[in-house]
Amino acid sequence: MAENVRNTALVVAGLVFGLLGFSFVTTVILSDGDLGSFGITVMSGLFQGMILFLVASGLSIVFGLMDVLNLAQGAFFTIGAYVAWTLHHADELEAIPPDLRFVIAVSTAILVGALMGIFLERVLLRPLYERPIFQIVLTFGVGIIIGEIAKFIWGTTAYAWVEPFTLAEGSFRLFDQQFSVYRVFVIVVGFLLILAIALLLQRTRIGIIIRAGVEDSEMVEALGVNVRLVFTAVFTLGCAVAALGGAVAAPFLGASLGIGQQFLLGAIAVVVLGGLGSYEGTAIGSILVGLAIAVVAQFSLEFLNQTVWQSITPMLLLVFVLLLKPSGLFGKER
Amino acid sequence: MAADNILLEIDDIHTFIGQFHILEGVSLRVRRGSIHVMLGRNGAGKTTTLRSVLGMYQVTQGRIRLDGVDLIGKRPFQIAQMGIGYVPEHRAIFHELSVRENLQIAARQRDDLDRRADFIFELFPDLKRLYHLSGGNLSGGQQQMLAVARALVPENRLLLIDEPSEGLAPVIIEMLMAAITRLSAQTTVLLVEQNFRVASQLAQEYTIVDEGHTVAHGQMADLVQDDALIHKYLGVA
């Protein structure tokens with residue numbers, strides 16, 4: 001076991017230092033000592049990593065506990081982005097100060113995501129608990145239906161975030177480069193959420209139940225725990241966090257139909273790469289994939305003049321990790 | 001047997017697993033405060049009977065009552081909350097959780113573990129020493145102790161214990177037998193056990209299950225004298 005932990009730590013450390021080293025060499029050494037570009041790459045990597053975490057964390061915990069791969073997770077992200085954008089730009093709410101409007105927009109997005117999650121789990125998924133393949137097909141279908149409903153409500157136009165608020169406007173200078181305060185805010189929110197979910201899993205009774213349920217939910221029920229209620233709570237939490245992801249990404253990335261799917265693919269790579277059902281694997285995997293995307297994007301733009309490589313980076317990293325550790329960074333043999 | 005002295009009553013139950021008809025008429029009565037053992041060969045339906053009591057398998061016919069209350073149709077967590085503890089075959093402890101967490105998860109009231117800790121550590125002193133170690137790091141014997149201890153955290157009226165001696169060293173089996181004898185002073189036990197020596201020393205009453213049917217029941221003191229019955233259904237000389 002100790003050897004396994006050491007191997008995982010070595011792979012993670014190797015990947016992080018490898019990526020940062022590569023970025024450092026390509027930006028600082030090959031680009032005349034430009035530390036600012038290196039900083040932007042790291043910041044962009046952490047930003048993408050945190051957004052990925054917001055999609056992947058729900059995916060991972062739900063899969064670990066319920067054996068359900070929720071392919072509608074991307075749609076919850078999309079809905080979160082649309083709801084937040086709509087409320088923040090609503091003429092009816094113009095009287096409310098922009099910062100407060102942003103808080104209301106994000107909170108409502110989380111609430112909408114949670115309510116949709118409860119509906120999906122209780123009404124649609126519950127009858128299919130004995131049929132895992134049907135569940136995958138169902139969540140895939142639900143993802144498409146939510147996308148179509150979004151298209152019906154908001155149309156096919158992508159919405160840019162134009163209404164400013166304090167965080168989105170702020171910036172600071174470092175190494176002769178301009179850095180957005182909002183990116184730092186999203187990174188901080190992501191780290192706080194990683195910490196909060198870790199504390200929930202490690203320090204609370206519900207956390208103990210979730211961790212035990214990941215191993216053997218039938219035994220947890222035999223101990224007198226209403227596991228279905230826990231399933232609902234966890235599924236709802238996963239959907240709400242994905243909606244939060246969409247809401248906090250919207251000021252930067254806007255709201256569009258494909259935004260959720262774009263992150264879903266990366267999130268699936270994160271969940272498998274981190275080790276199916278492993279929370280720490282998902283957290284570390286998200287940061288790794290985010291950094292890898294940013295490093296490859298920066299390198300391919302600077303030297304290859306093309307962007308194609310960054311879209312396939314999560315999958316390339318996934319293949320690389322699985323070759324080194326077939327069950328993922330923190331995964332157990334299943 | 002006086003009806004009010006019966007804690008668990010299983011009456012002619014039938015259970016399917018998928019399309020297979022596993023239990024085709026199992027009946028038994030467990031007297032309050034007793035250790036009752038279910039005997040039978042591999043595949044006879046003993047574990048299926050325990051899991052049917054807990055609602056883990058759907059019973060299609062027959063009746064299961066705990067203290068006169070019907071259990072059929074209830075979900076496993078509801079049945080467990082009625083005061084049934086379960087120690088499954090192969091222990092099913094949670095490997096990623098510490099010993100403390102394995103015990104904590106079984107608590108139904110906030111103070112269950114605090115209240116029962118002294119009794120549990122008196123029965124299994126090793127667990128106190130291993131309290132912060134994860135379940136996966138325990139030996140087979142320690143895992144079995146933890147599985148029994150977990151069922152003792154809430155004050156259950158009935159413990160269903162499945163094959164506690166399986167795969168354990170003789171010294172650990174002796175220790176577990178002593179613990180089960182002691183805990184039976186506080187709760188009723190329905191035991192499934194392949195090891196006839198262990199079963200005969202622990203239990204006062206028995207039921208033999210064969211191919212999904214109850215074929216014999218009675219006092220353990222009578223069974224140990226009945227070589228023909230033992231040989232016929234248990235294959236023990």
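Reader: How many salt bridges does the rule find across the interface of chain A and chain B?
Author: This is a predicted model, in which local features need pLDDT of at least 70, side-chain atom pairs count only at pLDDT 80 or more, and totals for chains, interfaces and linings use all residues. Residues are numbered from 1 along each chain as its sequence is written, chains are lettered from A and ligands numbered from 1 in the order in which they are written, and side-chain values use heavy atoms, without hydrogens and water. A salt bridge is a side-chain nitrogen of Lys or Arg within 4 Å of a carboxyl oxygen of Asp or Glu. Across the interface of chain A and chain B, the rule gives 3.

Reader: Which residue of chain B meets Glu221(A) in a salt bridge?
Author: Look at the two side chains. The N to O distance is 3.3 Å. The partner is Arg75(B).

Reader: Which helix gives the most residues to the side of chain A that touches chain B?
Author: Helices are DSSP runs (H or I, at least four residues), numbered from the N terminus. Helix H8 (205–222) and helix H9 (227–253) of chain A each give two or more residues to that side. The top giver, with 12 residues, is H8(A).

Reader: How many residues does chain B bring to the contact?
Author: Contact means heavy atoms within 4.5 Å. Chain A brings 21 residues. For chain B, the count is 24.

Reader: What area is buried between chain A and chain B?
Author: The size of an interface is often given as the accessible area lost when the parts come together. Buried area is that loss (1.4 Å probe), summed over both parts. Carbon and sulfur atoms give 56% of it here. The total is about 2,000 Å².

Reader: Is Leu318(A) buried or exposed?
Author: Leu318(A) lies in helix H12 (residues 308–324) of chain A. Buried means under 20% relative accessible area, exposed over 50%, partly exposed in between (1.4 Å probe, protein chains only). Leu318(A) has 12% relative accessibility, so this residue counts as buried.

Reader: Which residues is Leu318(A) in contact with, leaving aside its neighbours within four places in sequence?
Author: There are partners from elsewhere in chain A. They are Ala269(A), Val272(A) and Leu273(A).

Reader: How far apart are the C-alpha atoms of Leu318(A) and Gly285(A)?
Author: These two residues are 33 residues apart along the chain. Their C-alpha atoms are separated by 9.5 Å.

Terms used. Buried area = accessible area lost by both parts, 1.4 Å probe.
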